[in-house]
Amino acid sequence: MRISEEKYQQLKRELNLPSDLQSIFIEEIKQELIFKRDDLINSIVCGNKWRKLSNHLNFFQSSDKQELISMGGAFSNHLHALAYVCFKLEIPCTCLIYGWNNDFETPTLKDCRNWNATLIPISRVEAQQLRLDPKIFLEDRFSNALWIPEGGGGEIGVQGIANLVSEFPVEFDRQENLIVCACGTGTTIQGLLTFSENVHILSMQVVRMAQYPWIQDSRVKMIDAKLNLSFGKKDESILKFMDLFFLNYGIRLDPVYTAPLLISFFEQIDKYKYKKIYVLHTGGLQGSRASIK
């Protein structure tokens, strides 16, 4: 399917790229952090979602497929961004939702419906089958659809991180520097490793059962979580931290990825002696609308 160049350029004009770099002295740790404000790329397609989707769109443009299909949970930032992009570009979009059976509607799913996405409930068993081998599930009913892995991942998604890395200053890619980056599918960290050579990367495993091919890389440091919560579970201390962080520094965090990561990082800051510390804001703000006042 050919994407309209006019509509694609209209979409790109909505995006704040390259995203801003903002240096902030964090009083709690008495240190300056340099925030890569990917959360400000766009109010909907923000964080690392556009980075990964942009390359999937390029692949779709060169394919013979007629629609896009992906999966996620009922609060998925990825599906929310995908549905909006498909709506703007007039691409048919199907979202497979696990942990959902049409008996409730989150703000995320309501938006996806409003953007004409087709929402289909699937079981968690089917979701795991899709992670392992999507062809078995998709080959009959969705033979004309291009599959985008959960979270916008896969090698195509990894390649989309190249533009992100190119936006950092030349002195970014040095061993004495650290970039703090949240981790879901692990695609963004894989991209950071692929398109840089020296900078160290700090993250925290939020999805407990996830396995990452880069986990033993010498440049990656995994931090222990201060709060031992199941994925997506909220905690009053996280919400309080988010409120204070926005009040003090004007940056909104999300309760699943960026806030828990920074809480743990600040608690253990003495372990990380680097010349410059960057923080990649991976977005994720829309998914918390149902739980944050």
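So, how exposed is Lys7? Lys7 is partly exposed, at 26% relative accessible area (buried is under 20%, exposed is over 50%, and partly exposed lies in between, with a 1.4 Å probe and protein chains only).

Quick background. This is a predicted model, so local features need pLDDT of at least 70 and side-chain atom pairs count only at pLDDT 80 or more, while totals for chains, interfaces and linings use all residues. Residues are numbered from 1 along each chain as its sequence is written, and side-chain values use heavy atoms, leaving out hydrogens and water.

Okay, salt bridges, meaning a side-chain nitrogen of Lys or Arg within 4 Å of a carboxyl oxygen of Asp or Glu. The structure has 10 of them. Lys7 pairs with Glu90, with the closest N and O atoms 3.4 Å apart. That pair links distant parts of the chain: Lys7 sits in helix 1, Glu90 in the loop between helix 3 and strand 4, 83 residues apart (helices are DSSP runs of H or I, at least four residues, strands are E, at least two, numbered from the N terminus). Glu90 is exposed, at 54%.

Next, Arg51 and Glu167 meet at 2.9 Å, N to O. They're 116 residues apart, with Arg51 in helix 2. Arg51 is buried, at 2%, whereas Glu167 is partly exposed, at 22%.

Last stop: Asn77, in helix 3. Asn77 is buried, at 14%, and its side chain makes a 3.0 Å polar contact with that of Gln286 (a pair of N or O atoms within 3.5 Å; within protein, one must be able to donate a hydrogen and the other to accept it, and residues adjacent in sequence count only if both atoms are side-chain atoms).
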